[in-house]
Amino acid sequence: MHKKLFIPGPVEVRPEVLEQMAQPLIGHRSKEASSLQKRISNNLRKVFFTDSEILLSTTSGSGLMEGAIRSCTAKRAAVFSVGAFGKRWYDMAVSNNVPADLFEVEMGQAINAEMVNDVLKTGKYDLIAVTHNETSTGVMNPIDEIGEIVKKYDDIIFIVDAVSSAAGTKIEVDKWGIDICITSSQKALGLPPGISLCTFSQRAKERAEKVKNRGTYLDLLSLYNYIQKKDYQYPSTPSISHMFALDYQLDYILNKEGLENRFNRHLELAKVVRNWAKKYFDLFADENHLSNTLTTVKNTRNIDISELNKELGKRGFVISNGYGSLKDKTFRIAHMADCTMEDLEELLVNINDILGLD
C-alpha cells in the first residue's frame with residue numbers, strides 16, 4: 001500500500017508530474033535543452049518575484065546552500081539558526097574552511113531583526129545566512145524584516161534557505177533584498193527529489209568574483225557565467241528528466257492554480273492543522289511566526305509517535321516524528337505542495353480515530 005506523505009519532504013507528487021519524468025531524453029547540449037532551461041528560469045523569476053538570474057543544480061538544496069556560503073563569503077559569515085537546518089549551514093561553512101560564527105535562538109522562537117542588527121553593526125561580517133522555514137521547529141522567520149536590516153549595510157550579502165517554503169508562501173526576493181534564495185524540488189514545488197535552484201543577484205555575482213576558492217561543482221559564479229555564454233546550458237550534465245517535470249509543474253502553478261491561490265491554499269491548510277493541534281495538543285513554535293507549509297505539534301499527551309505512525313501506515317498515511325532533540329517530544333505534519341484539504345482532513349480523522357480523540 002502506498003502511504004500518502006505528510007512529512008517535510010519528499011512530498012506527494014501528482015501522477016501527471018511523475019509522468020513528465022518518463023519522457024524520452026534530449027541532449028543537454030541541444031537547442032531544446034536551452035529552451036527548456038531558459039523557460040524554467042523565466043518562470044521561476046515569477047515565483048520568486050525577482051529580476052535576478054536563476055541557477056539550477058542537480059543536487060539537493062544542501063548543495064546550493066554549501067555553494068552559496070562558499071562562493072560569496074569573502075570576509076566572514078554570520079549564520080542565524082532557529083533549529084537543526086540553520087546549524088547545518090554553519091557546519092557547511094566550517095567544513096569548507098569559510099570563516100563563520102553561529103547565532104542561535106531558543107528552539108521554537110524566531111530570529112529577531114534587532115538581534116541581526118546588533119551582529120551586523122560590529123562590521124565583522126560580509127554575509128548573512130538565514131533559514132526562512134525551519135522544519136524541525138515549525139518556525140517561519142520574518143525574512144522581510146531581516147531584509148530591511150540587511151539593506152542598511154552595503155557590503156552584506158543576504159542568503160536565504162527557502163527549501164521548505166518557496167512556492168508554498170510568498171517570498172519577494174527583490175523587495176526583501178535577498179541575494180541568493182535557495183529551494184529544492186521535493187518540498188512545496190511538488191516534485192521528486194533531485195534538483196535544486198536559487199536566485200543569484202548582481203551583488204552576489206560581484207562578491208563571488210572576489211572569492212578565490214569557490215570549489216568546482218558548486219561554484220555559483222561558474223554556473224552563472226556558463227549559462228550566460230552557453231544559452232542556459234550547464235557545465236555538468238543536468239537531470240533533464242527533472243527539468244521536464246519542473247517545466248510542467250511551473251506552468252501548472254502559474255497558469256492553472258495561480259500563485260496567489262497556491263499561497264492561500266497553503267495558509268488554509270496550515271490553519272486547519274494549527275486549530276487541530278491547539279484543540280488536542282499544542283503548538284511548539286511561537287504563534288507569531290508559524291510555518292505555512294508544516295506544523296510542529298508539541299506532544300503534550302505523551303503519545304507513542306512511532307506506534308501512531310505504524311497504525312497510520314496500515315491506513316495509507318505517514319507523518320513525521322520530531323527531529324533530533326525534539327524526537328518524541330513533538331511530531332510534524334507537512335501540508336505543502338499539491339496537498340488538498342480533502343487529503344488533510346482524511347489524515348486528521350484517522351489520527352483522531354487511532355488515538356480516540358473524538
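Which residues have the most contacts inside the largest nonpolar core? They are I180, W276 and I333, in a core of 115 residues, where a nonpolar core is a set of buried Ala, Val, Leu, Ile, Met, Phe, Trp, Tyr and Cys residues joined through side-chain atoms within 4.5 Å.

The model is predicted, and local features need pLDDT of at least 70, side-chain atom pairs count only at pLDDT 80 or more, while totals for chains, interfaces and linings use all residues. Residues are numbered from 1 along each chain as its sequence is written, and side-chain values use heavy atoms, with hydrogens and water left out.

**The core**

Helix α10 (residues 240-257) gives the largest share of this core, eight residues; helices (H or I, at least four residues) and strands (E, at least two) are DSSP runs, numbered from the N terminus. Leaving aside its neighbours within four places in sequence, I333 is in contact (heavy atoms within 4.5 Å) with residues including F6, V273, W276, L294 and I351. In soluble globular proteins, nonpolar side chains tend to be buried together.

**The sheet**

Seven strands form an open sheet with mixed pairing, in the order β2-β10-β9-β8-β5-β3-β4; two strands pair if DSSP finds at least two bridges between them. At the edges stand β2 (53-57) and β4 (100-104), each with a single partner strand, so one side of each is left without a neighbour in the sheet. On average, neighbouring strands of this sheet are turned by 20° against each other, direction ignored, with axes taken as lines fitted to C-alpha atoms, for helices over the stretch in contact, and angles running from 0 to 180 degrees between N-to-C directions. Within the sheet, β5 (residues 127-131) and β8 (residues 157-161) pair in the parallel sense over five bridges, and T131 stands opposite D161 in β8. Helix α4 (residues 84-95) packs on the sheet and touches β3 (77-81), β4, β5, β8 and β9 (180-184), while its direction makes about 170° with that of β4.

**Backbone details in the loops**

A cis peptide bond, with omega about 0°, joins G9 and P10, and P10 has its place in the loop between β1 (4-5) and α1 (15-20). Two residues other than glycine, N97 and Y232, have a positive phi, and the table sets them side by side; buried means under 20% relative accessible area, exposed over 50%, and partly exposed in between (1.4 Å probe, protein chains only).

| Residue and phi | Loop | Relative accessible area |
|---|---|---|
| N97, phi near 60° | N97, between α4 and β4 | N97, exposed, 70% |
| Y232, phi near 65° | Y232, between α9 (220-229) and α10 | Y232, buried, 12% |
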